[in-house]
Amino acid sequence: MTEDLGNLRNSIDEIDTRIVGLLRDRAAIAARVGDYKKARALPFHVVSREREILDRITELESAPFPKESIRTIFREILSACLSLEEPVVISYMGPPATYTHQAALKHFGHSLKHVPAATVREVFRAVESGEALYGVVPIENSTEGMVNNTLDTLVESDLRICGEIILPIHHCLLTRATSAKEIRTVYAHPQALAQCRIYLSNALPDASTGETTSNTKAVEMALEDPHSAAIAGEMAAEVYNIPIFSRHIEDFPDNQTRFLVIGTIDPGKTRKDQTSIMVSILDRVGALSEILSLIATEGINLTRLESRPSRKKAWDYIFFMDIEGHQADENIRQLLTKLQTLCPYVRILGSYPLQDKPSQT
Ligand SMILES: O=C(O)C(=O)C[C@]1(C(=O)O)C=C[C@@H](O)C=C1
């Protein structure tokens, strides 16, 4: 029997109607949950519950529908339902269409209000003042390393880390020029320029480079001058309506950036968490190795160790550590108690859901 296209499309229309009906029912219940929470002054955004929902629906059989798409769709459903309970503002390091903006949208969905801030410090200020519930700032790139400014701002602030976002970064060359030889200058944020060195020297050996405060600023320069190009993401090309000359121009294809979600809300314990701590150590032989062996003795996996000058005394350092697990776990509680006796200063920056590293796309 041959398929009838009209019948197939009618079936899809019926299913779509059912999906919308179910979303309407879900939204009505979420609004009731919102009223319940309002009456009891409970937090509206519950990270651990969202994580539970996302993990559960990912385990449901959806084939041939891709699992990753199920998660993306549900991320948007949760975002829309939360926005019915409470208008939530997210401050991100702007301007719009940067990778940080993309990271914030991926993590919180499009239904929350995403507001750009000019600097990392401004993002922290927006959250500290209560203008925003959360802030999103870049912390580390897999090719270029730590964003020191974010680490330093974290040290000075009382805000906690509520989550992390890992985004694969694929740079594009954006320009109004139609051939490589027309391009005289390539503008970008220093991090993006550094991540595309090989491409630039091979494809545009005669072009000079110009550093900008953001890739979006670079796009504005490239829009003004047809002899200029900018390095930025695909989202910037869409938002600013500038042609993409070349895609995937990053030197290392597995280029990822990690962002932090900062705020005051405790995300709660989930199935797989990570704890970030900051310690200062005594200036004596073996002090750091003693801490590392404590971590090993408790059977804890140390996934990141960074040092930064304390900015209080010359050659005095603070150490940032990420360990697998939640601060409520027995072995981490033991470790923290021992660290308090060993280190002059210990601060828990937060326990939050561990993000899976995205596979190369
Ligand atoms: O379960 C809740 O606490 C809700 O508010 C409902 C809901 C949802 O849409 O499922 C919405 C927002 C929360 O962040 C978590 C879940």
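**Labels and the values behind them**

Guide: Let us begin with Pro-64, whose place is in the loop between H2 and H3; helices (H or I, at least four residues) and strands (E, at least two) are DSSP runs, numbered from the N terminus. This is a predicted model, in which local features need pLDDT of at least 70 and side-chain atom pairs count only at pLDDT 80 or more, while totals for chains, interfaces and linings use all residues. Residues are numbered from 1 along each chain as its sequence is written.

Visitor: What is omega at the peptide bond that joins Ala-63 and Pro-64, and what is that bond called?

Guide: Omega is about 10 degrees there, and the bond is cis. A cis peptide bond also leads from Gly-94 to Pro-95, with omega near 0 degrees, and Pro-95 belongs to the loop between strand S1 (89-93) and H4.

Visitor: How does the span of H2 compare with the expected one?

Guide: The expected span of a helix is 1.5 Å times one less than its number of residues. Helix H2 (residues 47-59) has 13 residues and reaches 18 Å from its first C-alpha to its last, which is close to the 18 Å expected.

Visitor: Which residues of H2 are buried, and why are they said to line one face of the helix?

Guide: The buried residues in H2 are Val-47, Glu-50 and Arg-51, where a residue is buried if 20 or more other C-beta atoms lie within 10 Å of its own, exposed if 12 or fewer, and partly exposed in between, with C-beta atoms placed from the backbone. Viewed down the axis of H2, these buried residues fall within an arc of 100 degrees, so they line one face; the arc is that of the directions from the helix axis to the C-beta atoms. Arg-56 and Glu-59, on the other side of H2, are exposed.

Visitor: What do the buried residues of H2 pack against?

Guide: Their partners are helix H3 (67-85), strand S5 (160-168) and strand S15 (345-353), where two residues are in contact if their C-beta atoms, placed from the backbone, lie within 7 Å.

Visitor: Why is S5 called largely enclosed, and how many bridges join S5 to strand S11?

Guide: Of the 9 residues of S5, 7 are buried, so this strand is largely enclosed by the rest of the structure. As for pairing, two strands pair if DSSP finds at least two bridges between them, and 8 bridges join S5 to strand S11 (residues 256-263), the two running antiparallel. Within that pairing, Pro-168 stands opposite Gln-256 in S11.

Visitor: Which label does Gln-334 receive?

Guide: Gln-334, which lies in helix H12 (residues 330-342), has 14 other C-beta atoms within 10 Å and is therefore partly exposed. The C-alpha atoms of Gln-334 and Leu-294, 40 residues apart along the chain, are separated by 9.7 Å.

Visitor: Where do the domain bounds fall, and what does UniProt list?

Guide: Bounds come from an automatic or database domain assignment, which gives domain 1 (5-85), domain 2 (89-169), domain 3 (172-246) and domain 4 (273-353). The C-alpha centres of domain 3 and domain 4 lie 41 Å apart. For "domain: Prephenate dehydratase", an unreviewed UniProt entry lists residues 89-264; such annotations may be inferred rather than shown by experiment, feature names are shortened, and positions are given in the numbering used here. Over residues 89-264 the chain is 33% helix and 32% strand, with its end C-alpha atoms 14 Å apart.
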